[in-house]
Amino acid sequence: MSRILLSLDIDGTIEVGDPPGVLTMEMIRTTVGKGFIVGSCSDRPLSTQRRIFLQHGITVEFAVSKHMLPEVMAQFHADHYVHVGDREDLDKRYALAAGFGFLWPEEAAEKAWFF
Ligand SMILES: [Mg+2]
């Protein structure tokens, strides 16, 4: 079974972001239950990122800034590394530069991962 590492932007990507995004905390809990390595990658302070997820019962495996995705890849072994975010400049650009796959929130929400 292949292991997927999922890096999630917050604002514009998950339902508790500002603005809210299409990925719900329930969907994210489902990926954790499936054994995904789930972490947070946002411009918010790292401790705030962890708290946002923890408030919804999710302990993220990592909480990083956008430019730290290469460190995430070095730290965790996975078959697929995917970042989900809503900004071309801040999300897609950094994800691709780090060797991650990239999905817009609406694309990610279609994946069987979340159900
Ligand atoms: Mg965003």
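Which residues in helix 2 (residues 46–54) are buried? The model examined here is predicted: local features need pLDDT of at least 70, side-chain atom pairs count only at pLDDT 80 or more, and totals for chains, interfaces and linings use all residues. Residues are numbered from 1 along each chain as its sequence is written.

Gln49, Ile52 and Phe53 are the buried residues of helix 2. A residue counts as buried if 20 or more other C-beta atoms lie within 10 Å of its own, as exposed if 12 or fewer do, and as partly exposed in between, with C-beta atoms placed from the backbone. The three residues sit on the same side of helix 2 because they cover an arc of only 90 degrees around the axis. This arc is that of the directions from the helix axis to the C-beta atoms. An α-helix has 3.6 residues a turn, so residues three or four places apart point the same way. Ser47, Thr48, Arg51 and Leu54 are exposed, on the face of helix 2 turned away from its buried side. Strand 2 (37–41) and strand 3 are among the elements that cover the buried residues. Contact here requires C-beta atoms, placed from the backbone, to lie within 7 Å. Helices (H or I, at least four residues) and strands (E, at least two) are DSSP runs, numbered from the N terminus.

The sheet is open and holds 5 strands in the order 3-2-1-4-5, with parallel pairing. Its edges are strand 3 (63–64) and strand 5, each of which pairs on one side only. Two strands pair if DSSP finds at least two bridges between them. Strand 1 and strand 4 (residues 80–84) pair in the parallel sense over 5 bridges. There, Ile4 stands opposite His80. Strand 4 also pairs with strand 5 (residues 101–103), again in the parallel sense, over 3 bridges. Val82 has Gly101 as its bridge partner in strand 5, and Val84 faces Leu103.

Helix 4 lies across both strands and runs at about 160 degrees to strand 5. Axes are lines fitted to C-alpha atoms, for helices over the stretch in contact, and angles run from 0 to 180 degrees between N-to-C directions.

The loop between strand 1 (4–8) and helix 1 (25–33) contains Pro19. The peptide bond from Asp18 to Pro19 is cis, with omega near 5 degrees.

Notes: Contact = placed C-beta atoms within 7 Å.
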